[in-house]
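Please walk through this structure with the model open beside the text.

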Amino acid sequence: MDTESQSGSQAELRQPQPARAQHAAQVEHAQHPERGAAALATLLSRRSVPALQLHGPGPRDAEVDTAIDAALHAPDHGLLRPWRFVVIRGAARERLSELFVRRMLERDPTIPEGKVHKARSQPLAAQVVIAVGARILREHKVPELEQLLSTGAAVMNLLNAFHAQGYGAIWLTGGNAYDPQIAAALGFAADERCLGFVYVGSADTATREADAPRVEADARRVQRGAIAREWTG
Ligand SMILES: Cc1cc2nc3c(=O)[nH]c(=O)nc-3n(C[C@H](O)[C@H](O)[C@H](O)COP(=O)(O)O)c2cc1C
């Protein structure tokens, strides 16, 4: 806190103040503490589901819209709205699959068939694919890195929103994500970058249950000291 705001808050303390309006989140938590607990349980149970393990049914249009709404709640320095989402569903997935294969072979005619097969199959296994992108402003007072971070945060919200609605999802990149011709075919403008694809669909309960011990194991394995610590000044 800087000196100016400190003296401001000291002055505030001296004045009799009307009851402060409670922040909406505080009100929500006071009235429905179980909702917060459920939201946290959802965050703590998210795992990515490999795209080839996804299947139907996929999220309904309204559920996709909700996930994108969640993405739009990402922190956004300067309110630049750098995020871009291109939703690919239904028969368009087949065209995406063909586009991936064509471009992979054009980039490298000797590419192993296994890789081509995987890229061809992923958009078909997933029921909805969302190409995520960012419009990064150069020479802006908000550094480019922060604009990219905001996009990452938006994609995280997207993944969590699909998980909260009962779907599996995964964010994948690779050569196709960074291929300018694929980005152009998907309608990304010249000043927009494609940052990957979020694959979404249903995931087998067995897959999710099989993942549960992994979640616990991960939590135990994580060396918290290396990634989360306290600074006491
Ligand atoms: C920006 C970004 C790009 C990624 N690209 C790939 C990828 O191309 N291939 C892959 O196997 N995993 C990729 N991942 C990792 C998966 O999305 C996923 O996080 C990983 O499989 C671990 O699963 P978890 O999310 O359950 O921890 C990427 C993750 C991020 C954040």
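**A helix and its surroundings**

The buried residues of α7 pack against α3 (33–45), α4 (61–71), β1 (83–89), β2 (128–135), β3 and β4 (192–201). Packing here rests on contacts, and two residues are in contact if their C-beta atoms, placed from the backbone, lie within 7 Å. The model is a predicted one, in which local features need pLDDT of at least 70 and side-chain atom pairs count only at pLDDT 80 or more, while totals for chains, interfaces and linings use all residues. Residue numbers start from 1 along each chain as its sequence is written.

Helix α7 covers residues 144–164, 21 residues in total. From its first C-alpha to its last α7 reaches 30 Å, close to the expected 30 Å at 1.5 Å a residue; the expected span is 1.5 Å times one less than the number of residues. Which residues of α7 are buried? They are Q147, S150, T151, A154, V155, N157, L158, L159, A161, F162 and H163. A residue is called buried if 20 or more other C-beta atoms lie within 10 Å of its own, exposed if 12 or fewer do, and partly exposed in between, with C-beta atoms placed from the backbone. An α-helix has 3.6 residues a turn, so residues three or four places apart point the same way. Just after α7, G166 has a positive phi of about 95 degrees.

The protein as a whole contains 10 helices and four strands. Along the sequence they follow the pattern α-α-α-α-β-α-α-β-α-β-α-β-α-α. Of the 233 residues, 24% are buried. Among contacts between residues at least 6 apart in sequence, 81% join residues at least 24 apart.

Now turn to the sheet. The four strands form an open sheet in the order β1-β2-β4-β3, with antiparallel pairing; two strands pair if DSSP finds at least two bridges between them. β1 and β3 are the edge strands, each pairing on one side only. From one strand to the next the twist averages 25 degrees. Helix α5 (residues 92–107) packs on the sheet, where α5 touches β1 and β2, and the direction of α5 makes about 105 degrees with that of β1. Axes are lines fitted to C-alpha atoms, for helices over the stretch in contact, and angles run from 0 to 180 degrees between N-to-C directions.

Strand β2 is mostly covered, with seven of its eight residues buried. Seven bridges join β2 to β1, and these two strands run antiparallel. In this pairing, R84 has G133 of β2 as its bridge partner, and V87 stands opposite I130 in β2. β2 also pairs with β4, in the antiparallel sense over eight bridges. There V128 stands opposite V200 in β4.

What surrounds the ligand? The shell consists of R47, S48, I170, W171, L172, T173, G174 and G196, where a residue is near a molecule if its C-beta atom, placed from the backbone, lies within 6 Å of it. Strand β3 (residues 168–172) gives the most to this shell, with three residues. By class, the shell has three nonpolar, four polar and one charged residues. In this scheme Ala, Val, Leu, Ile, Met, Phe, Trp, Tyr, Cys and Pro are nonpolar, Asp, Glu, Lys and Arg are charged, and the others, Gly among them, are polar.

The loops hold several backbone details. P57 is placed in the loop between α3 and α4, and a cis peptide bond with omega of about -5 degrees joins G56 and P57. The loop between α4 and β1 contains L79, which has a positive phi of about 45 degrees although it is not a glycine. L79 counts as exposed because it has 6 C-beta neighbours inside 10 Å. R81 is found in the loop between α4 and β1 as well; its phi is near 50 degrees, a positive value in a residue other than glycine. Is R81 exposed, partly exposed or buried? R81 is partly exposed, because 13 other C-beta atoms lie within 10 Å.

Finally, A190 lies in the loop between α8 (180–185) and β4. A190 is exposed, because 7 other C-beta atoms lie within 10 Å. A190 and P180 are 10 residues apart in sequence and 8.9 Å apart in space, C-alpha to C-alpha.
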